[in-house]
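This report goes through a structural model one topic at a time. Please keep the sequence and the 3D view at hand while reading.

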Amino acid sequence: MWRDAWLVAGRDLRIEARSRVALWQVLPFAILVLFLFAFSFGPQRSQLVSSAPGLFWLALLFSTVLFAQRSRALEGSPATRESTRLLGLDPAGVFLGKMMALSVELVLLEILLTLGVIFLFHVVVMSWLILVSSCLLAALGLSAVSVLYGALSGESRMRATLLPVLMLPIAAPVLIAGVRSFQAALEQGGGLGGRWVGVLAVFSVVYSALGIGLYGALEEN
Amino acid sequence: MRQRLYKALGPVAFVLVLLTVWLGLFVTPPDVDQGELVRLVYIHPALAWVALYVAFGMAALCSVLYLWPRTRSMVFDYLAAAAVEVGVVFTILTLITGSIWGRPTWGVWWTWDARLTSTALLGVLFLGYLALRRVPADPHVRARRCAVAALFAAVDVPIVHFSVLWWQTLHQGATVLNSNLTPTIHGSMAWTLLLSFVAFTLVFVWMVIARYRIEVIRVAGQDVALEAAIASRRAEGVPS
């Protein structure tokens, strides 16, 4: 399973590195979301600082939907799925591989967004441990949900509109826990951030386990 | 026999709802604290009971039965879809009646209470399920995807149930199904409340059967149309 996972993760990341869709489309979109939110709130520094955790996680969630569409599109063609079947790849390995590739992309996006809120919204992070752990766990959880719901929404032309409707309500706990842990990371000592990081860990473990168990059934024709 | 039962079910459910309304509005007394506002208790909890536990519970059970290879049958897929469709209607009605109660009690139509928010989220999750059903796909592929989506969405049901205990926000705790199983409602109010649960459950059952029958007829109609189209194409190819 792990050998297949590394294989699929390497393939997805290589395709992304060559096509640069993430670099030229998703990352600019995420920054654009930050700018648009800032425009809507106005230039008051206190308001920007207090709303920064919410804006960070909303920008991340919206961008995750684009990443999820992209990740699914890589599996989309019948030829790709046929060759995956012919290679005898373990579905759980394919799920884990896609999840790992997406997690790497999401972590890069989180780094960019963190720099964005620090630079644009004048945020001062007090507890980096809370922030980094919540971002890593959220990346795992969101990537698991993205791969799973990408498979659920299938190959139809409706996927572009269907995926956000299916995915965003499921990702609501990540938004809540992420915002709370980000707010805690802005406080001296980290506050109750540890509890919310725990919620993110449970979310990631549950959806990773569900994905490993159900991805094969969803990919059957 | 089944046909007769189904035909009787609708009028029985309708009469029971009317009886609930009559008891709730004219027979039961006003509450000491809530006054006349308490009369919403004969509708709102029953709607929530049907939406959360009966409808989405049935959807989850039918989805498991569909996914389980030994019990796999399209009947369970149709039943799950019917339960979700009716369940979403009941969820919306639950939120509307809750909002009508909330305005005079809390002073707002909507508040970000844990019970309200998780119920609304549940409604949106099952709306996603209904959207997924409309994606064109092989019936079995669609049934499998929808069954998995229903199980994911059903995870929210226990969160909604326990939300009043976990977060202790504005929404009151359970009146009947509380942790001590000691109802905090008595007399004619308790009987009317019980009747409302029976009445709305019967309405749900009647609606689900009706929706299931429509789905069976729709699928049969599709098959007939397909067979007619094939026969017509074959006839075109035969020289006269």
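## A buried alanine in chain A

With 24 C-beta neighbours inside 10 Å, A:Ala151 counts as buried, a residue being called buried if 20 or more other C-beta atoms, placed from the backbone, lie within 10 Å of its own. A:Ala151 belongs to helix H6 (residues 128-153) of chain A, where helices (H or I, at least four residues) and strands (E, at least two) are DSSP runs numbered from the N terminus. Leaving aside residues up to four places away in sequence, A:Ala151 touches A:Tyr215, A:Leu218 and A:Glu219, contact meaning that the C-beta atoms, placed from the backbone, lie within 7 Å. The C-alpha atoms of A:Ala151 and A:Trp196, 45 residues apart along the chain, are separated by 28 Å.

## Basis of the model

This is a predicted model, in which local features need pLDDT of at least 70 and side-chain atom pairs count only at pLDDT 80 or more, while totals for chains, interfaces and linings use all residues. Residues are numbered from 1 along each chain as its sequence is written, and chains are lettered from A and ligands numbered from 1 in the order in which they are written.

## Chain A as a whole

Chain A holds nine helices and zero strands. Its radius of gyration, taken over C-alpha atoms, is 18 Å, close to the 17 Å that the globule rule (2.2 Å times the number of residues to the power 0.38) gives for 221 residues, so chain A is as compact as a globular protein of that length. Of these 221 residues, 45% count as buried, and among contacts between residues at least 6 apart in sequence, 85% join residues at least 24 apart.

## Helix H2 of chain A

Within H2(A), the buried residues include A:Ala22, A:Val26, A:Ala30, A:Val33 and A:Leu34. Just after H2(A), A:Gly42 takes a positive phi of about 90 degrees.

## Where the chains meet

In the interface, 15 residues of chain B are in contact with 14 residues of chain A. On the chain B side, the elements giving two or more residues are helix H4 (114-133) and helix H5 (139-154) of chain B. The residues on this side divide into 12 nonpolar, one polar and two charged, where Ala, Val, Leu, Ile, Met, Phe, Trp, Tyr, Cys and Pro count as nonpolar, Asp, Glu, Lys and Arg as charged, and the others, Gly among them, as polar.

Conventions. Contact = placed C-beta atoms within 7 Å. Buried ≥ 20, exposed ≤ 12 C-beta atoms within 10 Å, placed from the backbone.
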